[in-house]
Amino acid sequence: MKAQVLAIDDSRTIRTLLAATLEEYDFEVTTAVDGVDGLEKFAETAPRVVITDINMPNLDGFGVIEGIRTGSVNKTVPIIVLSTESGAELKDRARKAGATGWIVKPFDEASLVSVLKRITGI
């Protein structure tokens with residue numbers, strides 16, 4: 001069975017790149033266009049891992065992390081932040097909100113896949 005990944009990013013290019021990359025490595029990928037869409041799809045798909053951008057309209061990545069961690073479903077799912085931001089303050093805020101890890105864009109395909117395999121146990 002393929003590990004389900006939810007990728008939340010307002011950039012169509014990043015969503016397409018993530019889906020193409022991860023599907024090539026046998027992950028099943030659902031994408032969302034912002035945090036609101038992401039939380040809706042999270043409830044529908046029960047992913048094994050969530051990848052979220054920070055800077056998005058409607059609901060940012062911090063809101064996504066907090067929404068998942070305070071929700072009633074799958075509150076312990078690993079959450080990886082994938083962002084162009086790399087400031088220590090933002091990373092600390094994400095970690096305190098419940099993020100599992102942080103990867104800076106542009107991402108290295110092999111590193112991302114390695115992290116996801118380790119997290120999902122596949």
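User: Is the crossing of α2 and α3 left-handed or right-handed?
Analyst: The α2/α3 crossing is right-handed. That word applies if the near helix is turned clockwise from the far one by less than a right angle, and left-handed applies if the turn is anticlockwise. The helix names come from DSSP: helices are H or I runs of at least four residues, strands are E runs of at least two, and both are numbered from the N terminus.

User: Before I go on, what am I looking at?
Analyst: This is a predicted model, in which local features need pLDDT of at least 70 and side-chain atom pairs count only at pLDDT 80 or more, while totals for chains, interfaces and linings use all residues. Residues are numbered from 1 along each chain as its sequence is written, and side-chain values use heavy atoms, with hydrogens and water left out.

User: Back to the helices. At what angle do α2 and α3 pack?
Analyst: Helix α2 (residues 35–45) packs on α3 at about 25°, and their axes are 9 Å apart. The two therefore count as roughly parallel. Here an axis is a line fitted to C-alpha atoms, for helices over the stretch in contact, and angles between N-to-C directions run from 0 to 180 degrees. Under 35 degrees is roughly parallel, over 145 roughly antiparallel, 65 to 115 roughly perpendicular, and the rest oblique.

User: Which residues of α2 and α3 meet?
Analyst: From α2 there are G35, L39 and F42, and from α3 there are G63, V64, G67 and I68. By class, this contact has four nonpolar and three polar residues, with no charged ones. Contact means heavy atoms within 4.5 Å. For the classes, Ala, Val, Leu, Ile, Met, Phe, Trp, Tyr, Cys and Pro are nonpolar, Asp, Glu, Lys and Arg are charged, and the others, Gly among them, are polar.

User: How do the axes of α3 and α4 cross?
Analyst: They come within 9 Å of each other and cross at roughly 15°, so α3 and α4 are roughly parallel. This crossing is right-handed. On the α3 side, F62, I65, E66 and R69 make the contact, and on the α4 side L90, R93, A94 and A97 do. Five of these residues are nonpolar, three are charged and none is polar.

User: I'm curious about A94. Is A94 buried or exposed?
Analyst: A94 counts as buried, because its relative accessibility is 1%. Buried means under 20% relative accessible area, exposed means over 50%, and partly exposed lies in between (1.4 Å probe, protein chains only). A94 belongs to helix α4 (residues 88–97). Leaving out residues up to four places away in sequence, A94 touches F62, I65, V81, A99 and W102.

User: And α1 with α5, how do their axes cross?
Analyst: The α1 and α5 axes cross at roughly 65° and come within 11 Å. This crossing is right-handed. L18, T21, L22 and E24 of α1 meet E109, L112, V113 and L116 of α5. That contact has five nonpolar, two charged and one polar residue.

User: Which residues touch the most other members in the largest nonpolar core?
Analyst: Those are L18, L22, F27, I51, L82, L112 and L116, out of 19 residues. β1 (3–8), α1, β2, β3, β4 (79–83) and α5 each give two or more residues to this core. There is also a second, separate core of 18 residues, with L6, I8, F62 and I79 among them. A nonpolar core is a set of buried Ala, Val, Leu, Ile, Met, Phe, Trp, Tyr and Cys residues joined through side-chain atoms within 4.5 Å.

User: What does L116 touch?
Analyst: L22, F27, V49 and I51, not counting residues up to four places away in sequence.

User: What about D26, what is its phi?
Analyst: D26 is not a glycine, yet its phi is positive, about 75°. D26 lies in the loop between α1 (12–24) and β2 (27–32) and is partly exposed because its relative accessibility is 45%.

User: And where is N58 found?
Analyst: N58 is in the loop between β3 (49–52) and α3 (61–69). Its phi is also positive, near 70°, in a residue other than glycine. N58 counts as exposed because its relative accessibility is 64%.
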